[in-house]
Each structure stands twice: as C-alpha cells, then as structure tokens.
Amino acid sequence: MPTYELSLILRQMGRPELVATLKRTATAIFDKGGIIRKLDNLGTKALPFKTSAHGIVHRTGSYFVFKFDTPPSAIDDLDEEYGRDVDIVRKRIYRADSSQQEAISCTLHEELLPPAYRKDVQKMIATAERSKTKKVFQYNTGLDYYPFQK
C-alpha cells in the first residue's frame, strides 16, 4: 500500500470537539483498510486569509497532518467523505514520495571539531574570501589614457 499525507485545517473549536473530529477522521481511514503511521499537530493559527467553508467564514484553524497507508482505490472515497465534514475547513491528500525518506546520519564527530576544521565553516570562509577581491575595471580601449574626464 502506498503512503499518503492528509493535510487538514479544522475549524476553531474546543478540545473535546477537536478530539471527536480527529477520531472521526481516523476511523474513516481505518474503515477503508488504511493504517495511520503518524499524526502531527501543527497548532492553532490564524489562516493566511479568511476562508469560507460550508457557508461559514473562518479566520483561524487547527492544522494537522496524517501520514497513512491505504489502497489507492480508497483515496477518492476519503476525499469525498472529508469534503462533507462540516468541521474540516481545508483538506488535501498527497502521495508521500518514497525518496523523501532519507537516512539520518550522525554528524556528532564533525560538530565536535573546532570551527576552523569544519567543512561548512571552511566553505563559508572561502565564499567570503571570493567576495573580498574587487574587480578592477579595464578600459579595453587601446588608448594609454582615459579619454573622458574623471
């Protein structure tokens, strides 16, 4: 089963109603044969612009991201079901890219080095030295003097 991400913006509501909405959302995934891998709460924030959903104008919302595995045939059903839910202001389902799952390597031994020996610091120093050298203007006129007044 492929992995998908569901980005949700829920309307502003109290904690019990928020929990009930998240349970309803998760139950829909389970009913379609899906498995939830991760649930991220990104907090309650002001929306970038006022948004109208189900006849109500929303200015703030709670942001959530579900990572789940489900058969591709269930995505249209989930999208339709979430579209009818009055507590969901915005929803979007993305297919998670398998190349995003990069291996995390430990860089502690590099971070413990003195700054002068770190690769990223050496790169910054080289960039700064390149910008220090001023380019000298060459006239390329063939004359041994500047023909215009200085």
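Visitor: What makes a set of residues a nonpolar core?
Guide: A nonpolar core is a set of buried Ala, Val, Leu, Ile, Met, Phe, Trp, Tyr and Cys residues joined through side-chain atoms within 4.5 Å; buried means under 20% relative accessible area, with a 1.4 Å probe and protein chains only. In this predicted model, the largest such core has 18 residues, and Leu10, Phe66 and Phe68 have the most contacts inside it. Strands E1 (3-11), E3 (56-69) and E4 (88-95) and helices H1 (15-31) and H2 (75-84) each supply at least two of its residues. H1 gives the largest share, five residues.

Visitor: What limits apply to the model and its numbering?
Guide: The model is predicted: local features need pLDDT of at least 70, side-chain atom pairs count only at pLDDT 80 or more, and totals for chains, interfaces and linings use all residues. Residues are numbered from 1 along each chain as its sequence is written, and side-chain values use heavy atoms, leaving out hydrogens and water.

Visitor: Why are E1 and E3 called paired?
Guide: Two strands pair if DSSP finds at least two bridges between them; E1 and E3 have nine, in the antiparallel sense, so they count as paired under that definition. Ser62 in E3 is the bridge partner of Leu10.

Visitor: What makes E2 and E4 edge strands?
Guide: The open sheet has four strands in the order E2-E3-E1-E4, with antiparallel pairing. Strand E2 (35-53) and E4 each pair on one side only.

Visitor: Which strands does H1 touch?
Guide: H1 packs on the sheet and touches E1, E2, E3 and E4, contact meaning heavy atoms within 4.5 Å.

Note on methods
Buried means under 20% relative accessible area, exposed over 50%, partly exposed in between (1.4 Å probe, protein chains only). Axes are lines fitted to C-alpha atoms, for helices over the stretch in contact, and angles run from 0 to 180 degrees between N-to-C directions.
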